[in-house]
Amino acid sequence: MKIAMLSPVAWPTPPKGYGPWEQVASNIAEGLIKHGHDVTLFATADSHTAGKLHAICPHPYELDKSINPDVWMPMHIAECFEHADEFDLIHNHCDFRALVFAGLVKTPVLTTVHGFSSPSIYPAYEKYNANTWYVSISNSDRYKKLDYVATVYNGIDLSQFTFRDSGGEDLLFIGRIHHEKGCAEAIRIAQISGKHLTIAGFVQQEDYFKQKVQPYIDGRQIQFIGHVEAEQRDELMGNALAVLHPVMQPERFGLIMTESMACGTPVIAFDKGSPREVIDHEKTGYVVDTVEQAAEAVAKVHTIDRKTCREHVEQKFTIDQMVDGYIQAYEQVLNEHNRGGKQHGQ
């Protein structure tokens with residue numbers, strides 16, 4: 001198959017640190033290439049792939065503020081669709097913005113729904129339901145008015161995550177500093193449990209950081225180290241007692257959970273969205289409802305077998321398993337498309 005992999009341009013593909021959508025797009029692309037498929041990655045010019053790279057956006061807009069996303073994102077998406085007839089299928093990772101092109105080209109478009117940022121974007125997904133195929137990344141993150149061809153869990157490259165059979169005594173919060181990720185709740189969990197907490201990630205919500213996080217950073221019990229790249233992320237996760245994931249809105253998938261478990265580190269997460277699909281409760285971590293329950297979980301997390309955490313990821317969340325799921329989805333899409341099952345351009 002000839003696949004156009006349309007990645008976002010917020011971060012390079014693959015990202016050096018944060019950039020979950022770009023990371024998933026890269027993992028799929030590289031996995032498909034290993035399976036012998038012809039993949040062209042549409043991404044920023046500083047991206048890397050074993051396949052073909054097609055880029056018009058020079059740098060990611062999160063790293064280069066001279067790049068206006070309102071200008072470069074639509075140009076980037078349009079560039080891919082202008083070459084649509086060169087491919088058997090376009091795999092869209094650019095959210096609802098790419099859907100408007102789906103009915104204008106003959107090439108079938110499969111969209112991985114990485115998460116709905118708000119109900120306000122539902123109308124776009126509903127309108128183009130007849131022109132594209134959707135894949136969800138967890139069963140919990142589905143919108144009932146859409147037709148889905150499959151649920152395919154995100155897979156990770158296990159070689160990038162070092163298994164450690166023993167962790168440290170400290171807690172870790174890693175990810176976006178934003179209300180929905182629950183950084184303030186992680187601080188409270190650490191305070192109640194009496195554990196040191198390291199906070200790693202980039203500040204996406206400045207007011208939230210200044211009001212709910214920064215006042216508690218003392219450099220002793222609560223430490224903030226900012227954005228980290230892959231090598232440091234691996235070290236931090238592998239040396240933690242547990243990773244805290246107290247999300248405040250339903251999690252779509254949560255790559256951090258699989259990455260942490262791949263290092264052998266249990267995850268303590270709030271029961272919102274996908275954590276029950278990702279964590280094997282009481283075997284690879286704990287899925288809880290409150291800060292107090294999370295603190296109770298911290299007290300017993302040392303009983304979790306770190307090898308079981310790694311094996312859980314090996315069995316369910318690898319790149320190979322993800323790629324196999326997408327190949328099956330591609331084949332179904334192409335079969336339906338060839339039978340005229342969806343509307344498309346003329």
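The residues lining the second largest pocket divide into 4 nonpolar, 7 polar and 4 charged. This is a predicted model. The pocket holds about 240 Å³ of space. Its lining counts 15 residues. Nearest the centre of this pocket lie Asn27, Glu30, Lys34, Asp157 and Ile319. Two helices, helix 1 and helix 11 (319-338), each supply at least two residues of this lining. Helix 1 gives the largest share, 6 residues.

Now the largest pocket. Its volume is about 1,200 Å³. The lining has 48 residues, and the closest to the centre are Tyr18, Pro20, Trp21, Arg176 and Gln204. By class, this lining has 22 nonpolar, 14 polar and 12 charged residues. Several elements each supply at least two of its residues: helix 1 (20-34), helix 2 (69-82), strand 8 (171-174) and helix 7 (255-262). Here, too, the largest share comes from helix 1, with 5 residues.

The largest cavity contains about 30 Å³ of space. Gln23, Asn27, Ile156, Asp157, Gln160, Phe161 and Glu259 line this cavity. Their classes are 2 nonpolar, 3 polar and 2 charged.

| Space | Volume | Lining by class |
|---|---|---|
| Largest pocket | about 1,200 Å³ | 22 nonpolar, 14 polar, 12 charged residues |
| Second largest pocket | about 240 Å³ | 4 nonpolar, 7 polar, 4 charged residues |
| Largest cavity | about 30 Å³ | 2 nonpolar, 3 polar, 2 charged residues |

The last topic is a pair of helices. Two packed helices are described by the angle between their axes and the distance between the axes. The axes of helix 4 (residues 183-193) and helix 5 (residues 206-213) come within 10 Å and cross at roughly 20°. Helix 4 is therefore roughly parallel to helix 5, as angles under 35 degrees count as roughly parallel. The crossing of the two helices is right-handed.

Which residues make the contact? From helix 4 come Cys183, Ala184, Glu185 and Ile187. They meet Tyr208, Lys212 and Val213 of helix 5. By class, this contact of helix 4 with helix 5 has 5 nonpolar, no polar and 2 charged residues.

Conventions. Residues numbered from 1 in each chain as written. Predicted model: local features only at pLDDT ≥ 70, side-chain atom pairs only at ≥ 80, totals over all residues. Heavy atoms only, no water. Axes fitted to C-alpha atoms, helices over the stretch in contact; angles between N-to-C directions. Helix = DSSP H or I, 4+ residues; strand = E, 2+ residues; numbered from the N terminus. Parallel < 35°, antiparallel > 145°, perpendicular 65-115°, else oblique. Left-handed = near helix turned anticlockwise from the far one by under 90°. Contact = heavy atoms within 4.5 Å. Nonpolar A, V, L, I, M, F, W, Y, C, P; charged D, E, K, R; others polar. 1 Å grid on protein atoms, 1.4 Å probe; cavity = no way out; pocket = protein on both sides within 12 Å on 5 of 7 lines; lining within 4 Å. Points joined across faces, edges and corners; volume = space filled by probe spheres on them.
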